[in-house]
Amino acid sequence: MSTAARTAHFDRKHTDDLIAFLAASPSPYHAVASAAERLERVGFRRVSETDAWDGGSGGRYLVRGGALVAWYVPENATAATPYRVVGTHTDSPNLRVKPVPDTSSAGWRQVAVEIYGGVPLNTWLDRDLGLSGRLALRDGTTRLVHLDEPLLRVPQLAIHLDRGVNDGLKLDRQRHLTPIWGIGGTTEGALLEYVADKAGLAAADIAGWDLMAHDVQPPAYLGRDRELLAGPRLDNQLSVHAATAALAAVAEAGGELPYIPVLAAFDHEETGSESDTGAQSPLLGNVLERSCHARGGSFEDRARALAGTVCLSSDMGHAVHPNYSERHEPGHHPMPNGGPILKVNVNNRYATDGVGRAVFAAACEKAGVPWQSFVSNNAMPCGTTIGPITAARLGITTVDCGIAALSMHSARELCGAEDPHYLASAIKAFLEG
């Protein structure tokens, strides 16, 4: 932990708003809508990728599927003004509905699902699940759907039928993760008809869909002193919310800034970022280039702007686990409510280097928040983020940070209740320069 003074007051209102954000955002598409709503409250306006952009000051954002890019141009910005980018992702590991969803077995009605991302399968057992996502309509529009009611359940086998379950549970991804949602045989089109009716549509209006299951148990404070936060999709909607709050605060304050603050909330990070809305797409690069050109910039101006740009890749990280502490690096034990973590890996699984560390430390010091370092145990594999992808695609200095949490990728994760506000405060200081 740094020696920065712990002067930032814990703002429970921020965590309360995060809880509301999580509850309203069961899918990447809802997370984007929730972020856009908060940005519009402070004057951001939505732009289309197919329209010409103006170069005036103010806040703008665009939406592409489950991704959002937002930026605020201060009045003193020139064509060569560099950017301060916060990169996050909107998606989380879960169960997603297959193209032919209606199925059955042994007299039970079921819904066929695929496993999205790195899912600890057992965490989805015996949970009441709703359905959410988007519907693609025949008129070319899309409609969000959020069925926040107990519709589905993946039932675990009773211990009487598996006496060795506590010696090691092994789940078959194809056979054991199919949720039930009633009694009876396969009725083709039943799920789509149900979803359409709930959305106020006819099934014939729907040409396609991206639907997924979510745990209907709401996020909540946990512990005797309510110092912990338990909830779904903390990885990585917590960072999306923090970055949105920080960007909104910077824009609302207005005034002159040395950088143009940017939020890039990508989709499909959990599956490698290889999509038109992922970090490996040209989406962010196109936005930065078009913003520069809209202000009259040349190729030289764009190159100068990117040369001075820094990206803060914000994603969840691992807190030391009290029951498995031997799996963590002995000298690096991040704790909840200890502030954001700086994530380092010399093999570039994270993009942080010494220069990036200095930028991160300065932001935390300016915000008055504590911070911690995270490094993986050498005997354990290290995950990765959009940080290295962004650094390589755009050639910009990139720093990986996040919040220390337990149960990452579980259907329900756990972090410190103070850390979301600490992270948002540090991001705000970073965006301000």
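Q: How many aromatic pairs does this model hold, and how is such a pair read?
A: A pair of aromatic rings is described by the distance of the centres and the angle of the planes. Rings of Phe, Tyr and Trp (its six-membered ring) pair if their centres lie within 6.5 Å; planes under 30 degrees apart count as stacked, over 60 as edge-to-face and the rest as tilted. By this rule the count is five aromatic pairs. The model is predicted: local features need pLDDT of at least 70, side-chain atom pairs count only at pLDDT 80 or more, and totals for chains, interfaces and linings use all residues. Residues are numbered from 1 along each chain as its sequence is written, and side-chain values use heavy atoms, with hydrogens and water left out.

Q: What kind of pair do Phe-44 and Tyr-72 form?
A: A tilted one, with 6.5 Å between centres and 45 degrees between planes. Phe-44 sits in the loop between H2 and strand S1 (45-46), and Tyr-72 in strand S3 (residues 67-73), so the pair ties together parts 28 residues apart in sequence. Helices (H or I, at least four residues) and strands (E, at least two) are DSSP runs, numbered from the N terminus.

Q: How is the protein divided into domains?
A: Domain bounds come from an automatic or database domain assignment. Domain 1 covers 12-92 + 232-432, and domain 2 covers 94-215. Their C-alpha centres are 31 Å apart.

Q: How many residues are in contact between domain 1 and domain 2?
A: Contact means heavy atoms within 4.5 Å. 21 residues of domain 1 touch 19 residues of domain 2.

Q: How many salt bridges are counted between domain 1 and domain 2?
A: A salt bridge is a side-chain nitrogen of Lys or Arg within 4 Å of a carboxyl oxygen of Asp or Glu. The count between domain 1 and domain 2 is zero. On the side of domain 1 that touches domain 2, helix H1 (12-24) and helix H2 (28-40) each supply at least two residues. H2 gives the largest share, four residues.
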